Amino acid sequence: MHQVADRISSHGGFALFIDYGHDGSRREPSFRAYSKHTQAYCKHKQVDPLSAPGEIDLTADVDFGHLRRVLEGAPVALYGPHTQREFLAQLGIGVRLRRLIETCKERSKQEELIKSYNMLMGDMGERFQAMSIFPQTLQIDYSRSFEDVVVRQLVSMEHQELRRFLKTPRLPSRSRSTVDH
């Protein structure tokens, strides 16, 4: 991590880490043989880690909180860790999905897009964490909570919809210059 931070601070660039993980709040090790945290996958299904040696991927949750603590004081800016769901939402995955669906003519491909979105934002959205490192000169104040960002985004989208509505031609409304009794 220090080598990555040193490279970014002296030469610029960005690093993005996304993997199974947690924010550092978990205190026990993430990977132990036969523990509830041991995960082995074959064809996207969880299996016994010793059922087919060499053919099964073993995984362990990354402690992204530890990675962040390691880089405290380094001359770089850090973003995260955040869940994959938060990360993708902040990148505008919902807007991108809508645009793709609007331009896609085949119903089966639209359904596949929605299925993929649900996979990324569902269980995977909570189990994966995202963290990035970038030059300190690009530091942004991320002290606002995720909810603040989402609410502002939604309000902005509502304003855009309202502006679009106001630009569409409508039937003339009846004048209300006099009070009806």
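A residue is called buried when its relative accessible area is under 20%, exposed when that area is over 50%, and partly exposed in between, using a 1.4 Å probe and protein chains only. At 11% relative accessibility, T83 therefore counts as buried.

The structure is a predicted model, in which local features need a pLDDT of at least 70 and side-chain atom pairs count only at pLDDT 80 or more, while totals for chains, interfaces and linings use all residues. Residues are numbered from 1 along each chain as its sequence is written, and side-chain values use heavy atoms, with hydrogens and water left out.

## Overall arrangement

Helices (H or I, at least four residues) and strands (E, at least two residues) are taken as DSSP runs and numbered from the N terminus. The protein chain has seven helices and seven strands. Their order along the sequence is α-β-β-β-β-β-α-β-α-α-α-α-β-α.

Of the 181 residues in the protein chain, 26% are buried. The accessible surface, calculated by the Shrake-Rupley method with a 1.4 Å probe, where only the protein chains shown count as cover for residues, comes to about 13400 Å² for the protein chain. Carbon and sulfur atoms account for 55% of this surface.

A contact means heavy atoms within 4.5 Å. Among contacts in the protein chain between residues at least 6 apart in sequence, 68% join residues at least 24 apart.

## Strand β7 and its partners

Strand β7 comprises residues 128-135, and eight of its eight residues are buried, so the strand is largely enclosed by the rest of the structure. Two strands are said to pair if DSSP finds at least two bridges between them. Strand β1 (residues 15-22) pairs with β7 in the antiparallel sense over six bridges; in β7, F128 is the bridge partner of Y20. Strand β6 (residues 76-83) also runs antiparallel to β7, and six bridges join the two strands. Here, the bridge partner of Y79 in β7 is S132.

Strand β6 contains P81, and a cis peptide bond with an omega of about 5 degrees joins G80 and P81. Leaving aside neighbours within four places in sequence, T83 is in contact with G125, E126, F128 and Q129.

## Helix α3

Helix α3 covers residues 84-91, and its buried residues are Q84, F87 and L88. These residues cover an arc of only 90 degrees around the axis, which puts them on the same side of α3; the arc is that of the directions from the helix axis to the C-beta atoms. The buried residues of α3 pack against β1, β6, α4 (93-103), α5 (107-121), α6 (123-127) and β7. The helix is followed by G92, whose phi is positive, near 90 degrees.

## Salt bridges

A salt bridge is a side-chain nitrogen of Lys or Arg within 4 Å of a carboxyl oxygen of Asp or Glu. The structure holds five salt bridges, including those in the table.

| Side chains | N to O distance |
|---|---|
| E126 and R85 | 2.4 Å |
| K109 and E106 | 3.8 Å |
| E111 and R107 | 3.3 Å |

E126 is partly exposed, with a relative accessible area of 41%, and R85 is partly exposed at 28%.

E111 and R107 both lie in helix α5, four residues apart, which is about one turn of the helix. E111 is partly exposed, with a relative accessible area of 43%, whereas R107 is exposed, at 58%. In the pair K109 and E106, K109 is partly exposed at 47% relative accessibility, and E106 is partly exposed at 44%.

## Confidence of the model

The predictor's confidence in each residue is expressed as pLDDT, from 0 to 100. The protein chain averages a pLDDT of 77, and 66% of the residues score at least 70. Confidence is highest in α5, at a mean of 93, and lowest in helix α7 (residues 146-167), at a mean of 57.

Over residues 32-36 the pLDDT stays under 50, and the model has four contacts beyond four places in sequence for this stretch. Over residues 170-181 the pLDDT is also below 50, and that stretch has two contacts in the model beyond near neighbours in sequence.
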